[in-house]
Amino acid sequence: MEINLFASQTYKDRRNALKKKLGQGVVLILGNDESSINFKDNWYPFRQDSTFLYYFGLNLPGLTAIIDIDNDREIIFGNELSIDDIVWTGPQPSLAELAEKVAVTDVLPTSRIAEHVSTSTLYLPPYRPEHSVKLSNWTTKSVAEASSAYSVELIKAIAQQRSVKSAEELEEIGKAATITSEMHLAVMKAARPGMKEHELVGVAMRTAAEHNVSLSFPPIMTINGSILHNHYYGNKLEEGQMLLFDGGTESPRNYAGDMTRTFPVGGSFDARQKALYDIVHSSHSAAVEALKPGAVFKDIHLLAAKKLVEGLTEAGIMKGNAEEAVNAGAHTMFFQCGLGHLMGLDVHDMENYGEQYIGYTDTLVKSKEFGLKSLRLGKAVEKGYVVTIEPGIYIIPELIDMYKAENKFAEFINYNELESYRHFGGIRIEDDYVITDSGSDLLGKPLVRSSGDVEEVRKEAVNNGKVIAKV
């Protein structure tokens, strides 16, 4: 059994840093179990809880851990394999041998967990039903009570620690981003008119499998790019359309990559597609230029929105003053989601803790307004944060109908011109960045981004069947 771990000291140092931050108490870290698809032994692919991975590293089901600060004790709970298990799995390292690899000396069977848990034990918000049931059993609270009795102090301490990535973490994210880039290039090179979307999902999954890694989230592969989270793959690609692919892979140690590219199904964008693509690309470049320590991400989001409005005004789809349009929210006709999010062991890093605690602060509260309510990260970024930058233009017929019926933003939106774009679709461009001392660095192998470079790859792919990738 191959176990991809950092050095044992890494995990010990992480736990010691958390102990120092909290000062006292008992912390319970729940690992994940196998989850059945339709009967007990037919399981979904296993994915360990990311907080458990961060502090204890073991990507195996059925484990739970305690960090007892008061008694300076760390325990991993789990059950040794029986002979019945070994028949199916083959011989595996003992729990003690596994624990030693992450600098833990105490191991106990799962049945002993309740002895070490009390109503004052600190734990994170449960995000799986079985987590809530376990917490209820161990704390003797009702499921509802146990689910809501998580520790905000623990959330803030772990979030602060996990948000700033170490050099070895950045190396892992770089690996994930590079594999992700290679996956996107493979899809861009393989796409042809007449194919089905699911065939390109297969290309993406094959690339991940060739690196022996998993996807970091279910891919979006669609000719209907205006649908933000579209997981239907049955459409046929036709000349004149654009394909939006949003996908990422994990690294061998489960750190995420996340990229999006939009490209023509044929060899070239048409004039309208290229014009709007270039607007998104310009917005993307402006946002990246603004990334630096201390920059408030909400402000960068609004800057990106302003750049989109300026471009759409030049295209005749919007009108008036761009800053006033963004202040009024008129950009949400075209940009309904957020500019980006934190990324690490989770593709949306630590969002199971609650977005307000991860992407915002006690003084910067997440907005409830349309558009801004989908901005997962709003607070100032710091050196070591990893973020995505992913502006887009999404033309949604139902939103046109609603805003037009209300005469909403009529001073900023040229509805007559917009109607001619009604079935245009959507464009998104996304890459991954780490905040540095004075700005940001792209993570992973660069992938073609400008419309000209994208067309160069596509023309060679469609016309010649051979591509020399421009990176």
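Me: Which residue forms a salt bridge with D362, and how is such a bridge read?

Reply: Side chains of opposite charge can pair when their charged atoms come close. The cut-off here is a side-chain nitrogen of Lys or Arg within 4 Å of a carboxyl oxygen of Asp or Glu. D362 pairs with K156, with 3.2 Å between the closest N and O atoms. This is a predicted model, where local features need pLDDT of at least 70, side-chain atom pairs count only at pLDDT 80 or more, and totals for chains, interfaces and linings use all residues. Residues are numbered from 1 along each chain as its sequence is written, and side-chain values use heavy atoms, with hydrogens and water left out.

Me: Where in the chain do D362 and K156 sit?

Reply: Helices (H or I, at least four residues) and strands (E, at least two) are DSSP runs, numbered from the N terminus. D362 is in the loop between α13 (355–359) and β10 (386–389). K156 is in helix α7 (residues 152–163). The pair links distant parts of the chain, 206 residues apart.

Me: Is D362 buried or exposed?

Reply: Buried means under 20% relative accessible area, exposed over 50%, and partly exposed in between (1.4 Å probe, protein chains only). D362 counts as exposed because its relative accessibility is 64%. K156 is at 37%, so K156 counts as partly exposed.

Me: Which residue meets D346 in a salt bridge?

Reply: R162 does, at 3.3 Å from N to O. D346 lies in the loop between α12 (322–328) and α13, and R162 lies in helix α7, so the pair ties together parts 184 residues apart in sequence. Both D346 and R162 are buried.

Me: How many salt bridges does the rule give?

Reply: The count is 32. Among them is R422 with E419, whose closest N and O atoms are 3.3 Å apart. E419 counts as partly exposed because its relative accessibility is 27%. Salt bridges also link R15, K19, D72 and E74 in a network.

Me: What span should α7 have?

Reply: The expected span of a helix is 1.5 Å times one less than its number of residues. The twelve residues of α7 should therefore span 16 Å, and the end C-alpha atoms are 16 Å apart, which agrees.

Me: What do the buried residues of α7 pack against?

Reply: Packing is read from contact, meaning heavy atoms within 4.5 Å. The buried residues of α7 include L154, I155 and R162. Their partners are α1 (8–22), β1, α2 (50–56) and α13.

Me: Why is β1 largely enclosed?

Reply: Five of the five residues of strand β1 (residues 26–30) are buried, so the rest of the structure largely encloses the strand. Both faces are covered. V26, L28 and L30 are on one side, with V27 and I29 on the other.

Me: Which strand pairs with β1, and in what sense?

Reply: Two strands pair if DSSP finds at least two bridges between them. β1 pairs with strand β4 (residues 64–68) over five bridges, in the antiparallel sense. I29 stands opposite A65 in β4.

Me: Where is L95 found, and what is L95 in contact with?

Reply: L95 is found in helix α4 (residues 95–100). L95 is buried, with a relative accessible area of 7%. Leaving aside neighbours within four places in sequence, the contacts of L95 include L63, I76, F77 and V107. The C-alpha atoms of L95 and N79 are 7.5 Å apart, although 16 residues separate them along the chain.
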